[in-house]
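Biologist: I am new to this structure and would like to understand the terms used to describe it. Please show me the model, and let us then take it part by part.

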Amino acid sequence: MAAIRDFSYYVKDLGSGLAHLDLAVEGVTCAGCMMKIERGLSSIPDVTLARVNLTDRRLAVEWKKGSLDPAQFVDRLAALGYKAYPFEPVRAEVVEVEQSQFLLRCLGVAAFATMNVMMLSVPVWSGNVTDMIPEQRDFFHWLSALIALPAAAYAGQPFFRSALAVLRARSVNMDVPISIGVLLALGMSVVETVHHAEHVYFDAAIMLLTFLLAGRYLDQNMRRRTRAVAGNLAALKAETATKFISATEISVIPVAAIAAGDIVLLRPGERCAVDGTVIDGRSEIDQSLITGETRYVAAAAGTAVYAGTMNISGTLRIRVGAAAEGTLLAEISRLLENALQARSHYVQLADRASRLYAPVVHVTALLTMLGWVALGASWHDAIVTAIAVLIITCPCALGLAIPTVQTIVAGSLFRAGVLLNSGDAVERVASVDTVVFDKTGTLTLPELDVVNAGAIPTDVLQLAGRLALASHHPVAAAVARASRMASPLEGIVEEPGQGVRGLIDGVELRLGKPSFCGAEGMANEILSADPEISAVGFSKGRDRYVFAVRQQLRPDAAATVSALLKRGVLVEILSGDRKSAVKHAAAVLGIRAWRAGLTPAEKIAHIDDLKQRGRKVMMVGDGLNDAPALAAASVSMSPVSATHLSQAAADMIFLGKELAPVLAAIDFSRKALQLMRQNLALAIGYNVLAVPIAIAGYATPLVAAAAMSGSSILVMLNSLRARRVAPEVM
Amino acid sequence: MEVLVYLVPIALALGLIGLLGFLWSLRSGQYDDLDGAGWRAIADDEPAVPSASHPQQLK
C-alpha cells in the first residue's frame, strides 16, 4: 500500500540530535547477512550506527535527526532482501533482560571469588600434612573470608530474596535450604577462623552459589531468548491500521499508536487490527478467528468488529473503542478473568521436592547435634558437625536437577517450533492425557487454499493467479498463492461484489463469483459434493473453470492425531463452527469425540467437566473464543497465527504450518519430566551416601567440595540427555 | 615464607582485575549478541582485505 507510513511512534530521541530505532529483521542467519545489512544501512548519509544482533535477530539504527524518514530503513532492508519492522520491546521482555544481566553479574562475582578462594584452599588442604604452620593457615583462612563474605553477600541475593519472599508467605522453596546452608556455612567458618580451627567452609559456600547461579542463568537466558523470538514474531506481523488524520486524509500507522476514539478505514481483504464498531459502510466479514465460525457475517453500521476479523467485500469505517458491555469481547474478557482466577496454582516439582527436603535435612542436622552432645562431645564440636551436615546436604545437585533439564528441553522445543510462554509448562504438559483441539485455524490452516489446483491446467492456473493478484479478496488471494505467480496483469477492472476482469491478447478474462464468469453449472457440481467449499469461477474467452477454495487441514494433522492416540492420549474437538464442518474434519482425522457450535462458556464447561473426571487437559486453540478455554485447561497451546488474547492466555506458542509441534511438546516434556525425576533421585542418592559421612564427622572441606562438584556434574550430564527424544515414528 | 607478603596481594589484585574486566565487558554489552560476536571477529574489514593470517579460524 502506497500510503504514508508513520513510524514516528517507535523512534526514540537520544538527545544531542540523534534518533534511535529498533527493528526486528526476518531471515538474518549468518555473518554475511549481518555485514550486508550493516553496510547497506551505513551507506545511507546521516546514519551514525547500524548494528545487527545476530542472537536476537534485531537491528539498531541511529541517525542524525531531521533528514531521514524511518520508513526508508524498512525499504532499504526490503531492497536487500530482508523483511523488517520496527518494534517496541514489551515490558515482560525488558524485565527478563534485566534479570538475566543481574544473574550473569552475580555469576561473575561468585565464579571469580570461587577461583580465588580455591587458590587459597588447595594449599591449606595439602599443606596440613606437610609444612604449613598454623599461622599461615589462619592467614589463608582470613583471606578466604575477605573474598568469600562480600562475594556471597552480593551473589547470594537472588537466593536470599526469593527465600525471604517465600518465608513471608509461610511456605518453603528450594532457596530456603540453600540460603540457610550458605549463611550457616559462612557464619560457622568465621567463628572457626577466629578460633584458629583447622577446617573452614568458605570454599564450599561460594562454590555452591557459583554452581546454582550457572543453572539459573542458563534457564533465564533460554527464557529471554524465547521472549525475544516471540517479540520479533509479533513485530513482524507489522500490524498497522489506516487512520483518518482528518475528515479526508488517511495515514497508515502502527496499531500500537492507535487510541480509542480514532476512526480507521478497513478495505476489502484487510484484517482488522483493532476492536471497535462499524460507523459507516457495508460488507461481509470473516469472523472465524473470533468465533470459529467459517461462514461470512454481514456487517453494517453498529456491528461490533474485533481484532483478527477479515473484511471481505466492502470498505468499512470503524470507530476504535474499548469493549462495550454486552459485546462478545466483554463476555470473553469476563470468562477469561474468571478462568484465570480459578486456575489452580500448579506446584512445581522443585517446590514439592523442597517441601519434603527442607524439613528432613534440618531435622537431620538437629538430631546430629543432639546425638553428638548425648555422646559426650562438646557443644562446639556438635554444632560444627551439624553444620557440616547442612553443607553436605545443601541442595546443589537438587537445585540444579530441574533448571538444567528445563533449559535443555526449552532449547529442544525451540528447535521443534514451540515457544514456551510459562516456565512450568513443561511439567504440566508431561502429565497431559487429553488434548482438546479447536478446529478453525488450529486443526485447519488459517488461510484458504485451492484444493483442486491439480485438476486445472498449469497455464490456466497461472493466468488466473496473475489476474487474482489484482484483487484483495481472500479467495482471490488463495488462487494467487496456488499459482505462485508474482506479476499481476495490467489494466484489470474490479467489479465490486462480483470479481475482476481484464484483457489479454484481445481475449476477456474474468475471475470471481461463478455467475460472473458463467460457470454456475460447474460450481454447483462442486458445491453439492462439499458444502464447505467456496467456488471461484474463471473464464478465458469461452473456456470456463472453477476453483474450489476451502480451509484445509494442516498437512500433518491426521498423522499427529493418530500419533497422539497411539500414545494413549484422548483427542477431542471443541469448535465454535457449525456441525457439518466439524463433523467432516473429525471424520477425516479419525476423532470420535467432537462438539460443534459451542460458545466460549460451553467450551470452558466441557473442559471443567473433563478435569472433574480427573483428566489432565491440554487445550490447543487460536480464536478469541478459545482464550477462556485456554486459561481453564491444565496447559494450553496456540498457533502463532492466533489472536493476541489467546496467545497471552496460552502456555506455549507453536510456529509453522504443521501440527507436529503439539506432539513434540508432549514427547519432549514427558522425557524432561522423567529426567527431572532421575536427577532428583541422583541428588537424593548422593545425599544418602554423603550424609552418614557428615554425621560421623568426617566431612572435611575437601570432602564437601569433591562431593558437591561431583554430584552437580553428574546431574548436569544427565540433563543433557533431554536434547534427544527416542525417535518414535509418528 | 616472606614471599607471601607480596605474592598474596598480587594474586588477589589479579583476581580483582579479572572480575572488573568481566563486569566491564558485561556493562559494555559484549554478552548481548554471542552468536554475532564470533562472526564479527572473522569478518572482513572495510575495504575488504582477504585475511591471510589464521585461516584455520574460518570454521
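Biologist: What does the secondary structure of chain A come to, in helices and strands?

Modeller: In this predicted model, chain A has 25 helices and 27 strands. Its C-alpha trace spans about 110 × 65 × 50 Å along the principal axes. Of the 730 residues in chain A, 47% are buried.

Biologist: Why is E26(A) said to pair with strand E25 of chain A?

Modeller: Pairing requires at least two bridges. The chain passes from E25(A) to E26(A) through helix H22, residues 627-632, in a β-α-β crossover that is right-handed.

Biologist: Which strand does E26(A) join by three further bridges, and how does the chain reach that strand?

Modeller: E26(A) is joined by three bridges to strand E27 of chain A, residues 652-654, and these strands run parallel. A:Ser638 stands opposite A:Ile653 in E27(A). The chain crosses from E26(A) to E27(A) through helix H23, residues 644-649, and this β-α-β crossover is right-handed.

Biologist: Why are the buried residues of helix H19 of chain A placed on the same side of that helix?

Modeller: The buried residues of H19(A), which covers residues 557-566, are A:Ala557, A:Thr560, A:Val561, A:Ala563 and A:Leu564. They cover an arc of only 160° around the axis, which puts them on the same side of H19(A). In general, an α-helix has 3.6 residues a turn, so residues three or four places apart point the same way.

Biologist: What do the buried residues of H19(A) pack against?

Modeller: Their partners in chain A are strands E16, E22 and E23 together with helices H14, H20 and H24. H19(A) is followed by A:Gly568, whose phi is positive, near 80°.

Biologist: How is chain A divided into domains, and what makes up the contact between domain 2 and domain 3 of chain A?

Modeller: The assignment gives domain 1 (1-88), domain 2 (407-445 + 554-670) and domain 3 (446-551). The centres of domain 2 and domain 3 are separated by 34 Å, taken over C-alpha atoms. Eight residues of domain 2 are in contact with six residues of domain 3. On the domain 2 side, H20(A) provides the largest share, three residues. That side divides into two nonpolar, six polar and no charged residues.

Biologist: How many residues of chain A are in contact with chain B, and which element supplies the largest share?

Modeller: 18 residues of chain A are in contact with 18 residues of chain B. The largest share of the side of chain A that touches chain B, nine residues, comes from helix H3(A). This side of chain A holds 11 nonpolar residues, six polar and one charged.

Notes:
Residues are numbered from 1 along each chain as its sequence is written. Chains are lettered from A and ligands numbered from 1 in the order in which they are written. This is a predicted model: local features need pLDDT of at least 70, side-chain atom pairs count only at pLDDT 80 or more; totals for chains, interfaces and linings use all residues. Two residues are in contact if their C-beta atoms, placed from the backbone, lie within 7 Å. Helices (H or I, at least four residues) and strands (E, at least two) are DSSP runs, numbered from the N terminus. Ala, Val, Leu, Ile, Met, Phe, Trp, Tyr, Cys and Pro count as nonpolar, Asp, Glu, Lys and Arg as charged, and the others, Gly among them, as polar. A residue is buried if 20 or more other C-beta atoms lie within 10 Å of its own, exposed if 12 or fewer, and partly exposed in between; C-beta atoms are placed from the backbone. The arc is that of the directions from the helix axis to the C-beta atoms. A crossover is right-handed if, with the strands pointing away from the viewer, the path from the first strand over the helix to the second runs clockwise. Domain bounds come from an automatic or database domain assignment.
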